[in-house]
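Hi everyone, thanks for making time. I'd like to walk you through one chain today, so please bring it up on your screens and follow along.

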Amino acid sequence: PAPLLANSPSQKAGQLAEKAALLFLQKQGHELIAHNVYCRRGEIDLITLHNRWLVFTEVRWRSHGNFGGAAASITVHKQRRIIAAARYFLCREPHWQQHHLRFDVMLFEGTPPTWQQRWIQAAFNAF
């Protein structure tokens, strides 16, 4: 049988960024509700609870800031996919619908562990 392919360096950096984002959010008082929520139309990296806010966080990593860097990768199309996944999650878990909803973005640029990190709260709206 063929050997399993290891994650690429890019995939590993993306996974590190997700872990770093979660650690950062937890230090800010966020409680992890779910991560890597997939549906046919999209995906959400992190779902956390902070006070009465259910926060959907997209984590993006880019090795450099060329072409707009990590922030430029959050296109309108990507936002729609995140919103679709949030709707999917809320339909499957209706008890979370009573919370305020927010869409954040956590951006990482450079090489771990010396990368630059930026947290954009309420980066876009959906509802």
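**Helices, strands and a ring cluster**

Let me start with helix H1, whose buried residues are Ala 13, Ala 17, Glu 18, Ala 21, Leu 22 and Leu 25. Before going further, please keep in mind that this is a predicted model.

So what covers those buried residues of H1? The cover includes strands E1, E2, E3, E4 and E5. The helix itself runs over residues 9–27, which makes 19 residues. From first C-alpha to last, H1 reaches 27 Å, close to the 27 Å expected at 1.5 Å a residue. After H1 comes Gly 29, with a positive phi near 100°.

Let me step back for the overall layout. The chain has 3 helices and 5 strands, and along the sequence they follow the pattern α-β-β-β-α-α-β-β. There are 127 residues, of which 39% count as buried. If you take contacts between residues at least 6 apart in sequence, 55% of them join residues at least 24 apart. For those of you who like surface areas, the chain exposes about 7900 Å², with carbon and sulfur atoms supplying 53% of it.

Now over to helix H3, residues 76–92. H3 has 17 residues and spans 24 Å between its first and last C-alpha, close to the 24 Å expected. Its buried residues are Lys 78, Ile 82, Ile 83, Ala 84, Ala 85, Ala 86, Phe 89 and Leu 90. Here, too, the list of what covers them includes E1, E2, E3, E4 and E5.

On to the aromatic rings. How many aromatic pairs does the structure hold? The count is 5. One of them joins Phe 56 and Phe 103, and this pair is stacked, at 5.2 Å centre to centre with 20° between the planes. It links distant parts of the chain, with Phe 56 in strand E3 and Phe 103 in strand E4, 47 residues apart. Phe 56 has a relative accessible area of 0%, so it is buried. Phe 103 counts as buried as well because its relative accessibility is 2%, under the 20% cut-off.

Phe 103 has another partner. Its ring centre lies 5.1 Å from that of Phe 124 and the planes meet at 25°, so this pair is stacked. Phe 124 sits in strand E5, 21 residues from Phe 103, and Phe 124 is buried too. Put together, ring pairs link Phe 56, Phe 89, Phe 103 and Phe 124 into a cluster, and there is our Phe 89 from H3.

E4 and E5 run antiparallel and are joined by 6 bridges, and the bridge partner of Phe 103 in E5 is Phe 124. The hairpin of these strands has 6 residues between them, and there Gly 110 takes a positive phi near 110°.

One last stop, Arg 102, also in strand E4. Is Arg 102 buried or exposed? It counts as buried, because its relative accessibility is 12% and the cut-off is 20%. The charged end of Arg 102 sits over the ring of Trp 53, 5.9 Å from the ring centre. Leaving aside residues up to four places away in sequence, Arg 102 touches several others, including Trp 53, Phe 56, Trp 119 and Gln 121.

How values were computed. Residues are numbered from 1 along each chain as its sequence is written. This is a predicted model: local features need pLDDT of at least 70, side-chain atom pairs count only at pLDDT 80 or more; totals for chains, interfaces and linings use all residues. Side-chain values use heavy atoms; hydrogens and water are left out. Helices (H or I, at least four residues) and strands (E, at least two) are DSSP runs, numbered from the N terminus. The expected span of a helix is 1.5 Å times one less than its number of residues. Buried means under 20% relative accessible area, exposed over 50%, partly exposed in between (1.4 Å probe, protein chains only). Contact means heavy atoms within 4.5 Å. Rings of Phe, Tyr and Trp (its six-membered ring) pair if their centres lie within 6.5 Å; planes under 30 degrees apart count as stacked, over 60 as edge-to-face and the rest as tilted. A charge sits over a ring if NZ of Lys or CZ of Arg is within 6 Å of the ring centre and within 35 degrees of the ring normal. Two strands pair if DSSP finds at least two bridges between them. Accessible areas come from the Shrake-Rupley method with a 1.4 Å probe; for residues, only the protein chains shown count as cover.
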